Amino acid sequence: MIALIKDLHSHVGQAVTLQGWLYHRRDSGKIAFLLVRDGSGLCQCVVSKSEQTESFFESARRLGQESAIRVTGTVRADPKQVGGHEIDVSGLEVVGASENYPITNKPHGIDFLFKNRHLHFRSRRQWAILKVRATLVDEIRGYFNRNGFTLIDTPIFAPAAGEGAQTLFTVDYFGEPVYLAQTGQLYVEAACMAFGKVYCFGPTFRAEKSKTRRHLTEFWMVEPEIAYAELDDVIAVAEDFICSIVQRVLKDNRPELEFLGRDLSKLEKIQKPFNRLTHKEAADILRGPRAKEMLENDLATKSARIEEIKKLVAEKEAKEKSQGIKQWEKDKIVQELADLREELDDLQVDVQNIPHHIKLAASFDENGDLGGSDETIISRLHERPTFVTHYPRGCKAFYMKQNASDPTRVNNVDLLAPDGYGEIIGGSQREENLDVLLSRIHEEGLNPADYEWYLDLRRYGTVPHGGFGLGVERTLAWLCGLKHIRETIPFPRMMGKFYP
Ligand code: 4AD
Ligand code: MG
């Protein structure tokens, strides 16, 4: 009977066949331990040398990493083993051989791993991340479908900018320039006037020239849009939505999150109500003593850790070169050294940047946008996510609703995830007044002719409305506790990176 590793608990004592790949192998001359993965999980399969296994025991001992194999044997419960089961092998078939698999358990540089991304995501860590991604995507659709939103697919070829014109990708459309969609928002605005509550969900594109931990050039965004809604209505949906995402991954992906080392107690604290700050209040926090103190503490802690790592590295280097050291010990040290050096590189960059971030925060201009480091500060000072509202008009998109009591501000909202993850949601109430919207289009130097259809929405039954966009990859990085966004998408696209 063919079984999936994730279902082995219901096959204890039975003979099953696994169809998978060899993740790792070790042997002791008389026993070969094959760690097999089948896409649903990992299971140790034990081949003992016996009359029955004679025909394949030697080949089992020599199987290359990532060989495709069918393994037959009896399932035993063993809580000490990964996945909680073990299989005593009685039959083995090599379906597709693999020799000299390029990704071994020796350290590899990040560039190498991402050039081999088509193989890299077979690894346990990448597998765990992408399993959480699949849950996240399912919950995104599920949340809006359950709550009366109609899915409206929006075009990817867009005739005009939806967000800042400086991040447009231009495509030759039969001799005419069009752009890859930066957002589906303008189209869901049209759709909400037909359906009331709608959402779009798909890939979006931004020519981001910066290589940061938070930016991709191709990312997935879900954008709900609601007719007859003001800023507070938008915020209430965003808050409820985030809580349901967190609950769902906690329910379905605990083993993956634990494997990734995520502190689950932090996710369990994600409850309503979230914090709320106006941009002006955020400015006060940035310029205030708590922000400065936190960064100065960071600087001290990180500098101390740098010294500690330098010592550790020197010790391990000496040990690696010492006489009589066994190969497995050497391999272990090499891995530890690689990890330490990576940590050191990161720390050195941080320590270089912190004084600059202290200055930026201290001199924060309350008429300016929050920079990446400012978002990090605000989000680290709060355990729950923080909504920041009412940004200066000049640093936000043309479509945002001008605030009634302070026209220099807009009714917008960014949601900053905790633990320094920064913005995961950007949204707003939309300008529904034709004249104000036109004057904003002119102010931004955009061509009103490109937006005629969008302006029609303000001519024929305009109503207050609004929505937001949530970036899947930034959200996933936060949920999984990852340092870099590149691991959150199967095939990341960044400046200078589009292979494979
Ligand atoms: O704040 P943004 O630019 O908002 C919009 O696009 C609006 N049209 C959304 C709306 O109101 N319907 O982007 C929304 C989110 C960000 O908060 C972030 O999570 C993600 O999209 N995002 C990116 N993710 C990865 N790489 C990038 N370059 C991103 N740019 C935005
Ligand atoms: Mg934004």
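Student: In which strand does P203 lie?

Tutor: The model is a predicted one, and in it P203 belongs to strand β10.

Student: And is P203 buried or exposed, or something in between?

Tutor: P203 has a relative accessible area of 22% and is therefore partly exposed, since buried would require a value under 20%.

Student: What does P203 touch, leaving out residues up to four places away in sequence?

Tutor: With those set aside, P203 touches I156, F219 and W220. As for E218, the C-alpha atoms of P203 and E218 are 6.5 Å apart in space, while the two residues are 15 apart in sequence.

Student: Switching to rings, how many aromatic pairs are there?

Tutor: The count comes to 16 aromatic pairs. One of them is formed by Y187 and W453, whose ring centres are 4.7 Å apart and whose planes meet at 15°, so this pair is stacked.

Student: Where do Y187 and W453 lie in the chain?

Tutor: Y187 is in helix α5 (residues 185–195) and W453 is in helix α14 (residues 452–459), so the pair ties together parts that are 266 residues apart in sequence. Y187 counts as partly exposed, at 23% relative accessibility, and W453 also counts as partly exposed, at 28%.

Student: What about F201 and W220, how are those rings arranged?

Tutor: Their centres are 5.7 Å apart and their planes stand at 80°, so the pair of F201 and W220 is edge-to-face. This pair links distant parts of the chain, with F201 in strand β10 (residues 197–205) and W220 in strand β11 (residues 218–227), 19 residues apart. F201 is buried, with a relative accessible area of 9%, whereas W220 counts as partly exposed at 26% relative accessibility.

Student: Which residues form an aromatic cluster?

Tutor: Y143, F144, F149, Y199, F241 and F468 form one aromatic cluster.

Student: Which charged ends sit over rings?

Tutor: The charged end of K396 sits over the ring of Y391, at 4.6 Å from the ring centre, and R458 lies over the face of Y454, at 4.2 Å from the centre of that ring.

Student: On to the inside, how many residues are in the largest nonpolar core?

Tutor: The largest nonpolar core has 48 residues, and those with the most contacts inside it are I140, F144, F241, I242, F468, L470 and W478. Helix α6 (residues 231–252) gives the most to this core, contributing 12 residues.

Student: What does F468 touch, again not counting residues up to four places away?

Tutor: The residues that F468 touches include F144, V234, V237, A238 and F241, and also E223 and R430.

Student: Last topic, which residues come nearest to ligand 1?

Tutor: There are 24 residues around ligand 1, of which E163, Q185, R206, E223 and E423 come nearest.

Student: What polar atoms lie by the nitrogen and oxygen atoms of ligand 1?

Tutor: A polar side-chain atom of E223 lies 2.7 Å from a nitrogen atom of ligand 1, and an N or O atom in the side chain of E208 is 3.2 Å from a nitrogen atom of the ligand. With G426 the backbone is involved, as one of its N or O atoms there lies 3.4 Å from an oxygen atom of ligand 1.

Note on methods:
Residues numbered from 1 in each chain as written. Chains lettered and ligands numbered in written order. Predicted model: local features only at pLDDT ≥ 70, side-chain atom pairs only at ≥ 80, totals over all residues. Heavy atoms only, no water. Phe/Tyr/Trp six-rings, centres within 6.5 Å; stacked < 30°, edge-to-face > 60°. Helix = DSSP H or I, 4+ residues; strand = E, 2+ residues; numbered from the N terminus. Buried < 20%, exposed > 50% of the residue type's maximum accessible area, 1.4 Å probe, protein only. Lys NZ or Arg CZ within 6 Å of the ring centre and 35° of its normal. Core = buried A, V, L, I, M, F, W, Y, C linked by side-chain atoms within 4.5 Å. Contact = heavy atoms within 4.5 Å. Near = heavy atom within 4 Å. Polar contact = N/O pair within 3.5 Å; in protein donor to acceptor, adjacent residues only side chain to side chain.
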